[in-house]
Amino acid sequence: MAKKITHKVLQGNKPGDYAGNDGLVLRIRATAKGSSKSWLFKKSVNGQPLLLTIGALSVYGWDRAQDIATQTFQNILDGTDGKTALQHAISPPQKTTQYDYTFAAILDAKVRLKYSNIESKDAKAWRASLDRLIVPNWGDCLVWELTWAQLGEVFLGYYRQCPGEGNMAIKTIERFAQCMDHARMLEPDNPHGIDAQMWRDRRKWLLDNGLPNDAAPQKDDAMKGNPAMGYRDIASVWPQYKTEQVSDLILQLQCLTVTRVGSLQKATWDEFDWDAQEWCIPAAHLKVKDRGDFTIPLTDAAMDVLRRLYDINGNVDHIMTNPDGRGAVLTSQALNQRLEHINIKAICGRNPVNHGFRSTFREWADDKLEGLDNEVEWCLHHKFWNKVNDAYRKKPKSRLFLDKRRVIGALWADWVTGRTPEATRISPDSTGVVSFSQRAHMRG
């Protein structure tokens with residue numbers, strides 16, 4: 001039978017097991033450096049021996065170790081398994097109640113989790129969409145009051161009244177689910193809690209729960225995602241831009257490089273190699289940062305736009321600085337408003353957004369290029385490989401397909417600026433990229 005724990009035992013170094021109450025055991029062992037003293041929980045549960053390690057004597061004092069052992073024993077009697085019972089005794093789970101937090105409080109927590117600087121432009125823009133779509137309806141409500149029916153009803157209204165905001169509403173639901181998931185604000189067994197995994201098939205869920213098919217945004221193949229102009233209309237838009245206006249020059253540069261507006265907003269003049277005609281975007285300025293830097297070859301048309309932009313903003317760091325905005329960088333909304341102002345709808349029948357240039361480029365590539373799918377995807381900085389392919393690809397991804405992308409960019413620039421006739425189609429050749437008519441001539 002083990003001896004009882006005493007203060008003399010705690011101060012001594014005699015090897016052995018010493019018993020406390022409710023299964024607490026102090027184990028002293030001789031070591032090369034003296035002795036080690038650790039607390040154990042040793043008890044017979046349903047006829048089966050149970051031995052758990054609580055921790056070292058230097059971490060838990062006698063009183064604290066005894067409390068842990070007593071609570072562990074109580075948790076086991078309540079039906080909890082041994083390891084979980086010990087974990088809950090050491091670190092009791094934080095029980096939330098329905099009176100603890102509102103939706104507005106959860107949004108604050110999520111913004112702080114997502115952004116280290118909540119005053120940054122990205123944080124404010126992200127929060128603004130949440131404030132607009134969530135706070136007016138649920139800001140003062142308690143989390144436990146939400147049901148899926150209420151959630152679907154609110155966003156169903158957005159689909160009916162503002163079809164253009166349908167995708168934004170869906171993304172906001174996803175963000176809202178992440179708010180509560182990442183902030184750990186919900187009990188695991190809460191029957192009314194939002195589970196982010198359920199939004200993998202989010203559109204189907206809305207349709208199954210009352211969203212009529214005619215309420216969803218009606219989009220043709222060219223308008224999936226962000227509204228975009230057709231590639232056959234884009235050359236007609238080019239003369240509408242003013243070459244002395246920063247917003248128009250940025251739209252032209254974004255169209256020619258088919259990059260995301262976020263990379264342009266963060267772009268500085270030192271990222272551009274004027275001699276090599278290249279734009280090296282740092283990984284920190286990309287949407288997907290784990291692929292490293294990304295180099296975009298600049299066509300002659302893009303360099304011409306860049307020079308005009310430098311004449312206006314060459315004295316500031318960021319290329320997208322608004323000269324009338326006291327040093328502020330132009331926003332994506334400002335670019336979209338400019339597209340509306342020049343009345344593109346009269347040309348192509350729709351109001352596109354600046355991000356839609358990427359869709360227009362993809363549509364043009366599908367129709368005009370053949371055998372260059374991987375190169376086209378990398379022009380958009382979309383991943384097209386798996387882990388096996390990646391193991392064989394040794395060259396830096398930053399300059400992957402650089403020569404081919406330079407040719408594709410030149411062909412795209414010719415199309416955008418109206419230099420390429422409608423009938424031209426392009427296919428790859430051993431010497432680069434040639435037109436169908438050239439290939440037919442060579443074969444003839």
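Asp 22 is partly exposed, at 28% relative accessibility. Its place is the loop that joins strand 2 (16-19) to strand 3 (24-31). The phi angle of Asp 22 is near 55°, a positive value in a residue other than glycine. Most residues other than glycine have a negative phi. Gln 277 also has a phi near 55°, and this residue too is not glycine. Gln 277 is found in the loop between strand 6 (272-273) and strand 7 (278-281).

These values come from a predicted model. The mean pLDDT of the protein is 75. A value of 70 or more is reached by 68% of the residues. Over residues 180-203, pLDDT stays under 50. The model has 48 contacts for this stretch beyond four places in sequence. In residues 209-224 the pLDDT is likewise below 50. Here the model has 27 contacts beyond near neighbours in sequence.

Asn 354 lies in the loop between helix 15 (345-348) and helix 16 (356-368). The relative accessible area of Asn 354 is 1%. The residue therefore counts as buried, the cut-off being under 20%. Its contacts, leaving aside neighbours within four places in sequence, are with Leu 251, Gln 254, Val 261, Ser 332, Leu 335, Asn 336 and Leu 339. With Asn 336 there is also a polar contact, side chain to side chain, at 2.7 Å.

Methods:
Residues numbered from 1 in each chain as written. Predicted model: local features only at pLDDT ≥ 70, side-chain atom pairs only at ≥ 80, totals over all residues. Heavy atoms only, no water. pLDDT = per-residue confidence, 0-100. Contact = heavy atoms within 4.5 Å. Helix = DSSP H or I, 4+ residues; strand = E, 2+ residues; numbered from the N terminus. Buried < 20%, exposed > 50% of the residue type's maximum accessible area, 1.4 Å probe, protein only. Polar contact = N/O pair within 3.5 Å; in protein donor to acceptor, adjacent residues only side chain to side chain.
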